[in-house]
Amino acid sequence: MEIDKILAEKELNVEFQPIVSLENGDIIGYEALCKIAEKSVSDYFDSLDMDSKKRLEKQCRKTILKTNAMLRNHKKLFININPDLLSDEEFNGDYTKRKIEKYQNSINSIILEVSEKCCNAEEELLSIVNHYKSLDFRICLDNTGSAYSGLGRICALNPDFIKIDKKIIHEIQNDEIRQSMIKSLVTFCKESGIILIAVGIETSQELDVILKLGISFAQGFYFSRPALMLPKVSAESYSRIINFRKNQASLENPKKETKDKKQKDKKKESTLTFDGITSGRPIGELCTRGVTVFPDMPVTELLHFFHSNEECSIVTVVDLNHKILGVIPRNTLLDALGGQYGYGLNYKKLVKDLMLQEFITLDYNEFVETAAAKATSRPEKNIYDPMIISKEDAYFGIVTVKELLDSIVTVEVSERTREINRKNRLLQEQQRVQKLDMHMAELVQKSFYPVSAPCRDNWDCAFYFNPMSSVSGDLYDFYYDRDGRFCGTGLFDVSGHGVASGLVGILSKYLAEKIFMGGLDKKLNKVIEEFNKTLTAEKGMVENYLTGIFLRVKDSLVEYVSAGHCDVLVKSYGADTCKTGILGDKDGSFRGRFLGIPGLDGEKFETVKANVKKDTYLLLFTDCLIESRNLAGDEMGIDLLQKVFKKAPKGKAKEVLDYVLDSFNAYTEAVPLRDDLTVIVMHYVGV
């Protein structure tokens, strides 16, 4: 496939594959992968000459950065550098940096992937890596382990990220040598401040191994295959990561946790609350009498007792003064007398010989919540045994775990119910206030925007304005000179949604009108430059920015300047033909940058001029019109919109607008809007 055909037919696509944190399952970034006709771009490079390679590489980087901006990806973006062009002077300049700035990407989020197989000479690779670092790029050393990535070489390059080659990860559960090598690399990277990423994870077994080896980040088909839209992590891989971390936390220092819990209980034993709730009820009120035995009771007799009383699970051993000496749970006795030799060794023994002397005794007056904390601190095999209660240093009774939990649950449910009711009341009040605030913001915004379009001075106009929610981030206006003649329009789209973007929209509308009307005798590109500078200063630290257009008319002359906004479509009629196109042509050189971004207030803009003839139509719109999707997930797009615009009937601006909107609604039927929508049709009636 020739490079000209690839670029002309727009067969180049970008897919994204997530890079996942193995600490919490979150996506920390995406690797951008360029494809042509479902094949990797790298498959085509070998058959191209150097000039074609350069053209294709440029298109790849441009497409990646443009797509990344369109998808509003705020996570890290990993971009591969073609090995054949790594040392090319054109690419070693600021080409990529300029594209990053043009498409509003953050250079801090861009990571360039350099394969260790790129250069045979270490000095050459080191020089190139240092050059990219000087341009504020972060570097990822890719395919580590596929060649000769000794620690010395890694130290010399000092990358920010290292990707372990997928050949090393493949079936790593069956290779202890590779596991040992990765352990060393994990230790080295942690001590060196380098982020290590395992690539090519395709199975749960591979994921289990790299989790145990301590690698913090990973990438592969097991998490997600590359996709055109930013993909999510699969539910299976996410659950496996979270389950591993929970198991790890529960196994770390269990003895220390138990000791800390006991110390905490001892300090607060008179006032401790269980999970933040206290009933003030003494544990003794839940007591049942229980069973007590004396220490000289034969174990065979106790065995018979347990056989006859299946509901009894424990007995307390006391002396004649009812002082507690020990306990014998049912299971302890059965274990001692069971097995091949157990009965023969122990049947002649007394209860005192087999009783347990390590057990928890609770005082009658201890709170139920304190008792629960102590009960749950026991060894797991005894956690469901009844608790022994004493009063004035003498046996009083037992409390079963069921009775204890029933008491706590009753108190907890009551307290939680009261807390939920209180929070519900607060939430309802907040929702009421927010609803009032939103309604007020909607009324204020509507009062600032025009309610009708101009139909005079050779121009017939119509518009449609539909916010996604109550308050819109779109703003539009029609301008008239001192004599009341229609002289232009402005259409802008504020980033974000809701009240914040609506307020920025109101500010922008006021400034746009003031600066446009004050600059009727100035060049239109100078007018929008002044607007950009003023807006940036007036909105201060507010993050919202604008795209938009100023369009000025004087008789049949139309002047137009764009600030990163959707193109204006134009349709004109000849003798027997109807033509549509983009006002300013298709190369896009006239498109300026976004408005209101600090540091870009000196940006230059270009004015497009055109003389229109009678029955020329202009179509202005915000990006919702072309970026909305149908049920199949396909965008309407600029090409389909041009076809719809061309088929619109020759008539009043309102008729053309209705036709465009009807076609749009039919295409996006049953799919709700995901953005604010504004459409303006301007019809030059002529004289």
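Tutor: Start with burial: a residue is buried under 20% relative accessible area, exposed over 50% and partly exposed in between, with a 1.4 Å probe and protein chains only. This is a predicted model, in which local features need pLDDT of at least 70 and side-chain atom pairs count only at pLDDT 80 or more, while totals for chains, interfaces and linings use all residues. Residues are numbered from 1 along each chain as its sequence is written, and side-chain values use heavy atoms, with hydrogens and water left out.

Student: Is Y449 buried or exposed?

Tutor: Y449 has 5% relative accessibility and therefore counts as buried. Y476, at 3%, is buried as well. Of the 687 residues in the protein, 47% are buried.

Student: How is an aromatic pair defined?

Tutor: Rings of Phe, Tyr and Trp (its six-membered ring) pair if their centres lie within 6.5 Å; planes under 30 degrees apart are stacked, over 60 edge-to-face, and the rest tilted. The structure holds 24 such pairs. One of them joins Y449 and Y476 edge-to-face, at 5.4 Å centre to centre with 65° between the planes.

Student: Which parts does the pair of Y449 and Y476 tie together?

Tutor: Helices (H or I, at least four residues) and strands (E, at least two) are DSSP runs, numbered from the N terminus. Y449 sits in the loop between α18 (401-448) and β16 (455-456), and Y476 in strand β18 (residues 474-480), so the pair links parts 27 residues apart in sequence. Y479 and F550 also pair edge-to-face, at 6.3 Å centre to centre and 65° between the planes. Because Y479 is in β18 and F550 in strand β20 (residues 546-554), this pair bridges 71 residues of sequence. Y479 is buried at 2%, and F550 is buried at 0%.

Student: How are two packed helices described?

Tutor: By the angle between their axes and the distance between the axes. Axes are lines fitted to C-alpha atoms, for helices over the stretch in contact, and angles run from 0 to 180 degrees between N-to-C directions. Helix α22 (residues 637-647) and helix α23 (residues 653-667) have axes that come within 9 Å and cross at roughly 140°. Angles under 35 degrees are roughly parallel, over 145 roughly antiparallel, 65 to 115 roughly perpendicular and the rest oblique. α22 and α23 are therefore oblique to each other.

Student: Which residues of α22 and α23 make the contact?

Tutor: Contact means heavy atoms within 4.5 Å. L640, L641, V644, F645 and K647 of α22 meet V656, Y659, V660, S663 and Y667 of α23.
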